[in-house]
Amino acid sequence: IMDSMGPDMNDLNVQIQLKKKQYMLQKAKEKNRNGKSKTNRVVQDNGLPMGQTLAPRWLVLDMRPTNFSFSMTNWTLEIRHNSIIKRITMQDIINHPSVECIHMDFHCVTSWSCLGLQLKGLRLLSLLNTALGLQESDKSWNKMVQYGADMYTTTLPRSALYEHDAYLVFDYEPKDGQIDPTQSQPSLPMEHGCVRIMFPDLYGYKSCKWLVRLDLVNDVDDSVHGFWERIGYHHVGEVSPENRFENFTDNRVNIAQIVQSPLNGWLSWYAVNFPENFLVGQQILGFRW
């Protein structure tokens with residue numbers, strides 16, 4: 001496991017994101033304490049999952065430091081399992097026989113959704129089978145850890161990886177464009193992570209941008225957690241039924257002591273209580289949430 005399990009907590013952009021999501025976490029905990037239960041419905045009348053608001057486009061939300069830079073030149077994905085280390089190049093991915101065009105929706109845990117993304121990639125389990133000969137019967141690991149070049153991390157139980165579709169995505173076209181299946185170069189924009197694992201059924205924080213490493217670990221004592229998972233976000237993050245937060249009692253990380261900003265607190269409150277207006281504001285002001 002890498003020594004660092006998260007971005008630079010002193011960076012301004014990281015602080016803004018922490019404050020915003022900490023506010024949402026606190027509101028969720030207060031709701032649980034007040035005994036309010038979630039509805040049994042999984043879809044709203046407008047077809048969106050419960051608790052989600054339609055975004056006009058694929059918005060940008062990440063934890064990259066202010067001066068972060070990344071290049072796909074000579075990029076490789078390092079995959080670790082037990083004592084085995086495999087390095088996969090972009091050409092390996094592009095040439096994989098299982099590459100396909102993918103039509104999926106993207107759901108952010110902060111309550112917005114972008115529908116009908118057109119992507120290109122391949123099923124992650126197919127890649128793991130090619131790289132490691134990995135089979136579902138292999139019980140030598142119980143958790144997958146993703147690492148981004150920006151030091152962001154996220155974890156997922158082995159069982160969830162086999163229960164939910166997962167794609168390694170490297171290509172994207174706007175809704176008014178068409179993907180060319182014969183295209184030989186990746187075109188996932190920098191702001192959307194260049195290359196990443198995406199789950200149609202899980203919230204976006206389970207998708208690590210600028211992916212550089214995957215670890216398949218046997219976390220017997222459940223001590224390995226990704227960045228948001230460490231501060232209370234759900235270990236699986238299913239969009240339906242709204243699995244946003246865990247009911248942790250050990251207060252693993254007290255983010256409130258790390259980030260103190262009245263402006264960030266106001267922005268967080270506004271984003272949660274007026275999501276439609278906040279989405280418009282993000283576009284007008286050019287905030288990189």
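Colleague: Where do I start? How confident is the predictor in the protein chain on average?

Modeller: Since this model is predicted, start with pLDDT. The protein chain averages 76, and 67% of the residues score at least 70.

Colleague: Which parts have the highest and the lowest confidence?

Modeller: Strand 9 (residues 196-198) comes out highest, at 96, while helix 6 (residues 255-258) is lowest, at a mean of 38.

Colleague: Okay, helices next. Which residues of helix 3 are buried?

Modeller: General idea before the case: an α-helix has 3.6 residues a turn, so residues three or four places apart point the same way. Now look at helix 3, which covers residues 124-132. Its buried residues are Leu124, Ser126, Leu127, Leu128, Ala131 and Leu132.

Colleague: And what does the backbone do just after helix 3?

Modeller: Glycine 133 sits there, and its phi is positive, about 65°.

Colleague: Let's talk about charges. How many salt bridges does the structure hold?

Modeller: The idea is that side chains of opposite charge can pair when their charged atoms come close. This structure holds 11 salt bridges. One of its partners is arginine 80, with the closest N and O atoms 2.5 Å apart.

Colleague: What about the salt bridge between glutamate 78 and arginine 213?

Modeller: That one spans 3.9 Å, N to O. Glutamate 78 belongs to strand 2 (residues 76-81) and arginine 213 to strand 10 (residues 211-217), so the pair links distant parts of the chain, 135 residues apart. Both glutamate 78 and arginine 213 are buried.

Colleague: Which parts does the salt bridge between aspartate 222 and lysine 143 tie together?

Modeller: Here the side chains meet at 2.9 Å, N to O. Aspartate 222 is in the loop between strand 10 and helix 5 (227-230), whereas lysine 143 is in strand 6 (residues 143-148), so the bridge ties together parts 79 residues apart in sequence. Aspartate 222 is partly exposed at 42%, but lysine 143 is buried at 8%. Salt bridges can share partners, too: Glu78, Arg80, Arg87, Arg213 and Asp215 are joined that way into one network.

Colleague: How do I read distance in sequence against distance in space, say for arginine 230 and threonine 154?

Modeller: Compare two numbers. Arginine 230 and threonine 154 are 76 residues apart in sequence, yet their C-alpha atoms are 9.3 Å apart in space. Arginine 230 is in helix 5 and is partly exposed, at 26% relative accessible area.

Colleague: Last topic, cavities. How many of 30 Å³ or more does the structure hold?

Modeller: Three. The largest cavity has about 220 Å³ of space.

Colleague: Which residues line the largest cavity?

Modeller: There are 19 in the lining, and Leu61, Asp62, Gly204, Ser207 and Lys209 lie nearest the centre. Sorted by class, the lining has 12 nonpolar, two polar and five charged residues.

Conventions
Residues numbered from 1 in each chain as written. Predicted model: local features only at pLDDT ≥ 70, side-chain atom pairs only at ≥ 80, totals over all residues. Heavy atoms only, no water. Buried < 20%, exposed > 50% of the residue type's maximum accessible area, 1.4 Å probe, protein only. Helix = DSSP H or I, 4+ residues; strand = E, 2+ residues; numbered from the N terminus. Salt bridge = Lys/Arg side-chain N within 4 Å of Asp/Glu carboxyl O. 1 Å grid on protein atoms, 1.4 Å probe; cavity = no way out; pocket = protein on both sides within 12 Å on 5 of 7 lines; lining within 4 Å. Points joined across faces, edges and corners; volume = space filled by probe spheres on them. Nonpolar A, V, L, I, M, F, W, Y, C, P; charged D, E, K, R; others polar. pLDDT = per-residue confidence, 0-100.
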